[in-house]
Structures are given as structure tokens and as C-alpha cells.
Amino acid sequence: MELTRTRVVTGVAAGVLIFGALVWWIFSWGDDSQQFGIPGERERIVIEVLNTTQVDGLARTMTRRIRRTGIDVVHYRSSGERLDSTLILVRRGDSSFVGRIRAAIGGGRVVMEPDARLLVDASVLLGLDVAPKSDIEP
């Protein structure tokens with residue numbers, strides 16, 4: 001009789017533990033990044049850099065400079081459009097982050113031009129005003 005009672009108590013205890021573990025597992029499911037957040041996620045700036053000049057490598061050079069300041073450049077390339085002065089097009093959100101971009105590149109005129117299809121906070125169109133002088137003078 002005593003052996004049967006011990007087995008019943010052990011079985012019930014094991015069942016309670018398994019049930020508790022199952023309940024914990026179900027409720028702990030989910031995306032951990034939602035619980036704890038990613039450091040720096042709220043102030044993350046995502047941009048693209050376009051070279052509108054004929055200065056070779058300007059987009060790559062400026063991308064390196066911008067990335068050193070912590071801004072995420074997801075795309076850079078040359079553009080067929082030609083501009084004398086740099087233009088920063090704000091694509092989403094407010095323009096509170098533009099000061100960091102301007103400091104990184106050394107200037108630029110800001111224009112609000114939302115475009116959610118681009119999936120960037122801003123498009124930076126580099127003009128001759130930010131190109132190194134030695135590259136544009138013969």
C-alpha cells in the first residue's frame with residue numbers, strides 16, 4: 001500500500017512539474033527583441049547616398065565617413081542627376097536626425113520628400129560642394 005501511495009504522489013508531482021513547464025514554455029514564446037529592445041534602435045538612422053557629380057568614388061568615400069558617425073548607409077551609387085549643391089531628402093519621420101547627417105558630410109540643404117517605398121529615413125544626393133577640391137580641379 002505504501003509503495004502505491006509513493007508512486008501516486010510521485011506521478012502527481014511529475015505531472016504538475018510537466019504542466020508548469022508547458023505553461024511557462026507557451027507564455028515565454030515570442031520575439032525577445034520586443035521585450036528587451038535592440039540597443040540604439042530608436043536613434044538608428046538609415047540612409048542611401050547618391051553621387052550626383054562626376055567625381056569617381058565620392059559616394060563610397062562619403063559612405064565611409066557617414067558610417068563612422070554611426071549612421072547606417074544601406075545603399076550607395078552614382079546618380080544620373082547632376083547637382084552643384086548637396087541635397088538631403090527626408091523620406092520618412094521628422095527631420096530631427098538631419099543634423100547628424102549634415103555634420104557627417106559637411107553641409108547640405110534639407111527637403112521633406114516622403115517616399116515610403118524606399119525604406120530609408122533619408123536620401124543624400126551629394127553635390128560638388130562636398131567633393132574634395134583636388135578631385136574636381138584639373
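Predicted model: local features only at pLDDT ≥ 70, side-chain atom pairs only at ≥ 80, totals over all residues.

Modeller: Residues are numbered from 1 along each chain as its sequence is written, and side-chain values use heavy atoms, with hydrogens and water left out.

Biologist: Why is isoleucine 47 called buried?

Modeller: Buried means under 20% relative accessible area, exposed over 50%, and partly exposed in between, with a 1.4 Å probe and protein chains only. Isoleucine 47 has a relative accessible area of 0%, and is therefore buried. This residue belongs to strand β1, where helices (H or I, at least four residues) and strands (E, at least two) are DSSP runs numbered from the N terminus.

Biologist: What is isoleucine 47 in contact with, leaving aside its neighbours within four places in sequence?

Modeller: Contact means heavy atoms within 4.5 Å. On that basis, the partners of isoleucine 47 include Ile66, Ile71, Val73, Ile101, Val120 and Val124. The C-alpha atoms of isoleucine 47 and leucine 118 are separated by 9.5 Å, although the two residues are 71 residues apart along the chain.

Biologist: What makes the largest nonpolar core a core, and which residues have the most contacts inside it?

Modeller: A nonpolar core is a set of buried Ala, Val, Leu, Ile, Met, Phe, Trp, Tyr and Cys residues joined through side-chain atoms within 4.5 Å. The largest one here has 22 residues, and those with the most contacts inside it are Ile47, Val49, Ile66, Phe97, Ile101, Ile105 and Leu126. Two or more residues come from each of β1 (46-51), α3 (58-67), β3 (87-90), α4 (98-105) and β5 (122-126). A second, separate core of five residues includes Leu50, Leu83, Leu87 and Leu125.

Biologist: How do you know that the buried residues of α3 line one face of the helix?

Modeller: The buried residues of α3 are Leu58, Ala59, Met62, Thr63 and Ile66. Seen down the axis of α3, they fall within an arc of 130°, so they line one face of the helix; the arc is that of the directions from the helix axis to the C-beta atoms. Their cover includes β1, β2 (72-78), α4 and β5.

Biologist: What arc do the buried residues of α4 span, and what do they pack against?

Modeller: In α4 the buried residues are Val98, Ile101, Ala104 and Ile105. Their arc, seen down the axis of α4, is 125°, so these residues too line one face of the helix. They pack against β1, α3, β3, β4 (109-112) and β5. Just after α4, glycine 106 takes a positive phi of about 90°.

Biologist: Is serine 79 buried or exposed?

Modeller: Serine 79 lies in the loop between β2 and β3, and its relative accessibility is 12%, so it counts as buried. Leaving aside neighbours within four places in sequence, serine 79 is in contact with Leu50, Asn51 and Thr52.

Biologist: Why is tryptophan 24 called exposed?

Modeller: Tryptophan 24, in helix α1 (residues 2-28), has a relative accessible area of 61%, so it is exposed. Leu22, Trp24, Trp25, Ile26 and Phe27 form a nonpolar patch on the surface, with about 650 Å² of accessible area together. Patches are made of residues with over 30% relative accessible area and no salt bridge, with like charges joined within 9 Å and nonpolar side chains (Val, Leu, Ile, Met, Phe, Trp, Tyr) within 5 Å. Accessible areas come from the Shrake-Rupley method.

Biologist: What makes the pair of aspartate 72 and arginine 44 a salt bridge?

Modeller: A salt bridge is a side-chain nitrogen of Lys or Arg within 4 Å of a carboxyl oxygen of Asp or Glu. The closest N and O atoms of aspartate 72 and arginine 44 are 2.5 Å apart, and the pair forms a salt bridge. Aspartate 72 is in strand β2 and arginine 44 in the loop between α2 (32-36) and β1, 28 residues apart. At 24% relative accessibility, aspartate 72 counts as partly exposed.

Biologist: How many salt bridges does the structure hold?

Modeller: The structure holds four salt bridges. One of them joins aspartate 121 and arginine 92 at 2.8 Å, N to O. Aspartate 121 counts as buried at 10% relative accessibility, whereas arginine 92, at 36%, counts as partly exposed.

Note on methods:
Areas by Shrake-Rupley, 256 points an atom, 1.4 Å probe, with all protein chains shown as cover.
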